[in-house]
Amino acid sequence: MFLEPYWMRHAEASAVVVSGWHRMSYRATDGLFQSVELERCIRRLHRAVGNAVADDKQIVFATGSMQLINALVYALSPDSNSGSTANVVATTPYYPAYRTQIVLFDSREYKWAGNTSMWAKASGNSTTKEDVIEFVTSPNNPDALLHQPVVVGSSAILDHAYFWPHFTHIPAPSDADVMLFTTSKLSGHASSRFGWALIRDEKVAKRVNDYIMQNTMGASRDTQLRMLAIFKTILANLHGKEDIFAFGHDVMTAKWRKLSAVVSHSRRISLQNIPPQYCTYFDKIREPSPAYAWVKCEREEDSDCSDVLLKAKIITRSGVWNDASSRYTRISLIKSQDDFDLLLDRITEFVDAELTAAGSNSM
């Protein structure tokens, strides 16, 4: 929602009007389920931003990146006739949907196998032949750090939902075999439910596409039409006065500065450390602008950090969801400016109360 003001300024250019008779068929006039023009725009955007090598890869559309999580695991798993089961892992703290989807679908071809730590040690010390599918979120949700695969020989899925210049520095284009993206974090259009995967291997791409077709018969064509207008608007304004990434980075940097300034006075809570780093898109050292604050409660008695902040009327998501300690909790910074201003007021009250109590105890 922090990008809503940007799209209000571009209401006319990004608007789409669809007549009742238009796009009624499952397919477009060319018989395809995916817009060829939208594919071109996606490749152009990756080239222009420099965050992914897309020209040598297949693109598969989906109903948000959420649909791609299980589709990609299915595509990378052994064939059902092989008798093998793939182990799906991620590094803590990880996005909880990786675990919850694998457990929900309960497939014979793959199973949730937990944290990468055990598998990373095994891959470094032996020649294990077990199939491992590793989710790598980069930048990570919840702590915004860039990551690489840690299990040697794993089939890695690079979740690059936040790998855009308004959330992180872009050190170089990602060129992994499998990468996934979503417009919910690129442009803010979460309700449109549109995501895409970049896949090097044609056979893997075909399996992903087969899964999508069996599941939803492709991404909504109405959504594709709207996304085409959104992508064209973004492309038309890159590196100009109305660059969405410059706008988003300015908003998110200001939020992070203000939040960090308040929390710096506290000994009860702390934030993750993100140093300024060089970004190839902006061609300069950029300040941090994470989507989330990963908060740690430092006091021994504050074992449930989410509950501690909830008592101060601050809603967070406990680190337990991310398979981390309950001493950690996630605060979303990607909501509206009004939401952030209220959050900042309550964090300030929380820290002020701590400082007042500390002053009273020292008297």
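Predicted model: local features only at pLDDT ≥ 70, side-chain atom pairs only at ≥ 80, totals over all residues.
Which residues of H9 are buried?

## Helix H9

Helix H9 covers residues 221–236, a run of 16 residues. From its first C-alpha to its last, H9 reaches 23 Å, which is close to the 22 Å expected at 1.5 Å a residue. The buried residues of H9 are Arg 221, Thr 223, Gln 224, Leu 225, Met 227, Leu 228, Ala 229, Ile 230, Phe 231, Thr 233, Ile 234 and Leu 235. Because 12 of the 16 residues are buried, H9 is largely enclosed by the rest of the structure.

The N-terminal end of H9 is capped by Ser 220. A side-chain oxygen of Ser 220 lies 3.3 Å from the backbone nitrogen of Asp 222.

## Thr 223 within H9

Thr 223 belongs to helix H9. Its relative accessible area is 13%, and since the limit for a buried residue is under 20%, Thr 223 counts as buried. Leaving aside residues up to four places away in sequence, Thr 223 touches Ser 192, Arg 193 and Phe 194. With Ser 192 there is a polar approach: the backbone oxygen of Ser 192 lies 3.1 Å from a polar atom of the Thr 223 side chain.

## The packing of H4 and H8

Two packed helices are described by the angle between their axes and the distance between the axes. Helix H4 (residues 64–76) packs with helix H8 (residues 202–216) at an angle of about 130°, and their axes are 8 Å apart. Angles over 145 degrees would count as roughly antiparallel and those from 65 to 115 as roughly perpendicular, so H4 and H8 are oblique to each other. Their crossing is right-handed.

On the H4 side, the residues that meet H8 are Gln 67, Leu 68, Asn 70, Ala 71, Leu 72, Tyr 74, Ala 75 and Leu 76. H8 contributes Val 204, Arg 207, Val 208, Tyr 211, Ile 212, Asn 215 and Thr 216.

## Ser 155 in strand E5

Ser 155 is found in strand E5, which spans residues 155–159. With a relative accessible area of 29%, Ser 155 is partly exposed. Leu 76, one of the H4 residues that meet H8, is among the residues touched by Ser 155. Ser 155 and Glu 134 stand 21 residues apart in sequence, yet their C-alpha atoms are 6.0 Å apart in space.

## Cis peptide bonds and positive phi

Most residues other than glycine have a negative phi, and most peptide bonds are trans. The sites below depart from that pattern.

The peptide bond from Thr 92 to Pro 93 is cis, with omega near -5°. Pro 93 sits in the loop between strand E2 (86–90) and helix H5 (97–105). Another cis peptide bond joins Ser 138 and Pro 139, where omega is about 0°. Pro 139 is placed in the loop between strand E4 (132–137) and E5.

Met 217 is not a glycine but has a positive phi of about 55°. This residue lies in the loop between H8 and H9, and at a relative accessible area of 37% Met 217 is partly exposed. Lys 313, also not a glycine, has a positive phi of about 65°. The loop that holds Lys 313 runs between helix H11 (305–310) and strand E12 (317–318). Lys 313 counts as exposed, with a relative accessibility of 60%.

Note on methods
Residues numbered from 1 in each chain as written. Heavy atoms only, no water. Helix = DSSP H or I, 4+ residues; strand = E, 2+ residues; numbered from the N terminus. Expected span 1.5 Å × (residues − 1). Buried < 20%, exposed > 50% of the residue type's maximum accessible area, 1.4 Å probe, protein only. Polar contact = N/O pair within 3.5 Å; in protein donor to acceptor, adjacent residues only side chain to side chain. Axes fitted to C-alpha atoms, helices over the stretch in contact; angles between N-to-C directions. Parallel < 35°, antiparallel > 145°, perpendicular 65-115°, else oblique. Left-handed = near helix turned anticlockwise from the far one by under 90°. Contact = heavy atoms within 4.5 Å.
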